Amino acid sequence: MDGKRDEEMNGMMLNCQEERKQLTGVGGIENGETENPDEEGGREMWSKQIEFMLSCIGFAVGLGNIWRFPYLCYKNGGGAFLIPYFICLLFGGVPIFILEVGLGQYMKHGGLGAWRLVPLFQGIGVAAAIVVFYLNLYYIIILAWDLYYLGMSFTSVLPWSHCNNTWNTPRCTVFTEVVEPCFDNSNNSLGISNSTLTGCGHLNTTVFNETVGNFTATRNHVDPVIEFWENKILHISDGIDKPGGIVWELAVCLLIVWIVCYFCIWRGVKWTGKVVYFTAVFPYIILSILLVRGVTLDGAADGIVYYLNPVFTRLLDAQVWIDGGTQVFFSYAIALGAMISLGSYNRFHNNFVRDCCIIAGINSCTSIYGGIAIFSVLGFMAKQQGVPIDEVAESGPGLAFIAYPKAVTQMPLSVFWAILFFVMIFLLGLDSQFVGVEAFITTIMDVFPSIRNKTQRAVVVAIYCAISFLIGLSMVTEGGMYVFQLMDYYSASGFVLLWICLFEAVAIAWVFKCSRFYDCIEMMVGYRMGPFLSICWTFLTPLVTMGILLFSIVSFQPLTYNRTYHYPPWAQAVGILMAVVSMLSIPLFMAIKLFTTPGSLLQRWRTLTTPILRQFQIPVCWKEHNEYKWSIEKKS
């Protein structure tokens with residue numbers, strides 16, 4: 001019965017565009033109506049469409065493209081990793097990306113209000129708002145670390161290049177270029193002089209136990225770049241249950257970053273659209289400079305070959321496919337409500353499908369491009385130290401704040417390259433941060449539309465930034481690194497994002513129906529798309545997200561720090577609770593809606609799956625047939 005009904009619906013939709021052309025000159029608005037979709041509700045619009053694209057690129061292209069993708073690529077078979085990556089991208093990431101942007105543009109609401117299209121699933125917007133709130137709290141800590149590094153780079157000698165600092169310990173040892181053999185044959189002793197090891201040592205590893213003459217070398221030597229990171233930047237304590245005091249230098253850096261973030265978005269998207277011209281474009285200039293410098297270093301070719309050399313046997317490992325899928329969903333910044341919010345500021349008839357395809361191409365190419373820049377330097381570093389590349393390759397903060405700074409100390413003009421690198425990291429993270437904040441603010445503005453004027457908006461943004469700064473102080477204490485990692489591991493984890501993406505696909509494809517969403521897209525872009533996205537949203541995307549989600553849950557491992565510190569059970573419970581709060585908000589919201597809506601169960605279902613729309617959002621062909629029902633949104 002349902003199949004026959006769907007066939008009838010699809011037949012009606014084939015002539016939807018033609019009927020609209022006959023009945024109206026503007027999509028969805030009958031003759032005599034004057035409603036302008038681009039002026040509805042006084043909502044701001046992007047001044048130019050390029051501003052929308054740069055904002056999406058700025059948010060999606062972030063630190064993960066530089067420090068996570070290259071590491072996963074080399075770890076999972078080099079060039080062979082691109083096969084699962086692009087398969088998951090094609091059938092999972094891009095379809096959801098297009099869905100979210102299209103939903104925002106059609107509904108003219110942020111991540112919460114947009115789900116009035118399927119009111120039963122408005123819990124998706126709640127879940128996304130919670131996750132992006134978490135993300136905004138801890139992501140900015142990375143920028144505070146980076147700003148501290150940047151400030152410390154303005155010196156004649158980089159402070160992490162030597163052991164003559166107040167924060168260094170007697171264990172501090174500078175590992176320099178390897179001289180083979182590592183033993184001095186003239187006196188049969190290790191070449192240790194003034195806490196400098198010439199040979200055998202490398203980053204994050206110390207010389208082996210060996211007694212030669214009167215020297216006993218143990219595994220207790222620490223590179224100065226690690227001591228700078230742990231003792232100077234973090235002042236790291238022994239555990240999360242020992243928070244210690246606030247590291248005031250980091251607190252000041254955090255305050256500065258929040259102030260910069262505030263002034264990037266305080267006046268609305270028209271102002272933000274101007275900011276992204278710099279924050280989204282300039283990092284590419286710096287990355288290109290670093291790439292040119294990297295490929296000219298000795299050993300760069302070895303690093304690039306190691307990065308991209310395909311090992312096809314790794315494709316038999318399920319973890320490779322899981323890593324490919326999770327990287328796609330991370331790097332496209334979906335399931336956070338941000339893309340819905342950015343799309344909501346588009347003009348109603350903007351061709352967002354074209355824009356999304358361009359943005360997707362730039363995003364993925366940036367990951368590969370950035371990997372070449374990073375691994376060329378790591379190849380140089382490995383050759384300098386005489387160790388395999390996998391022993392210097394890092395991901396995440398380990399790359400940005402340990403491996404790359406260490407490599408910079410071995411280059412001529414090290415101060416210049418350090419400053420350039422940290423400026424790039426700051427700008428890459430900054431637009432990801434302030435667009436994330438904009439996504440949350442958009443949700444607030446949609447819930448309380450009366451505070452949309454610029455003065456009230458500026459106050460709301462200031463209050464939000466101040467509250468977030470105060471909460472963030474917990475991550476710039478001596479135990480703050482443990483809090484940061486706990487939030488990063490659980491609050492916006494892969495299984496949370498996959499859970500949200502799964503419900504998004506189900507809501508649009510199975511409840512609202514792809515044929516109806518195609519009508520909405522057709523009304524906006526002026527043509528009807530082929531069946532590919534419909535097939536993805538209905539079958540492939542749910543299968544991809546569900547498969548990766550289940551495997552992630554089955555292979556879940558409790559959080560540890562530096563592979564040595566095990567978080568206490570209460571901390572693990574807090575982390576899991578952060579994830580569960582956002583995940584359960586979707587089914588909980590559904591249950592509350594079903595329980596509180598009057599009528600029989602079937603009547604409740606019909607009510608809660610009936611879209612709440614405005615006149616300009618209703619395709620004419622829906623009005624000509626009785627198959628579809630909708631309710632008109634009350635103007636606030």
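Visitor: Why is Cys357 called partly exposed?
Guide: Buried means under 20% relative accessible area, exposed means over 50%, and partly exposed lies in between, with a 1.4 Å probe and protein chains only; Cys357 has 45% relative accessibility, so Cys357 counts as partly exposed. This is a predicted model, in which local features need pLDDT of at least 70 and side-chain atom pairs count only at pLDDT 80 or more, while totals for chains, interfaces and linings use all residues. Residues are numbered from 1 along each chain as its sequence is written, and side-chain values use heavy atoms, with hydrogens and water left out.

Visitor: What makes Cys253 buried?
Guide: The relative accessible area of Cys253 is 10%, which is under the limit for buried, and therefore Cys253 is given that name.

Visitor: How do you know that Cys163 and Cys172 are joined by a disulfide?
Guide: A disulfide is a covalent bond between the sulfur atoms of two cysteines, and here the term is applied to a pair of cysteine sulfur atoms within 2.5 Å. The S to S distance from Cys163 to Cys172 is 2.0 Å, so the pair meets that rule, and by this rule the count comes to one disulfide. Both of these residues, Cys163 and Cys172, are buried.

Visitor: Why is the disulfide of Cys163 and Cys172 called left-handed?
Guide: The torsion about its S-S bond is about -75°, and so the disulfide of Cys163 and Cys172 is left-handed.
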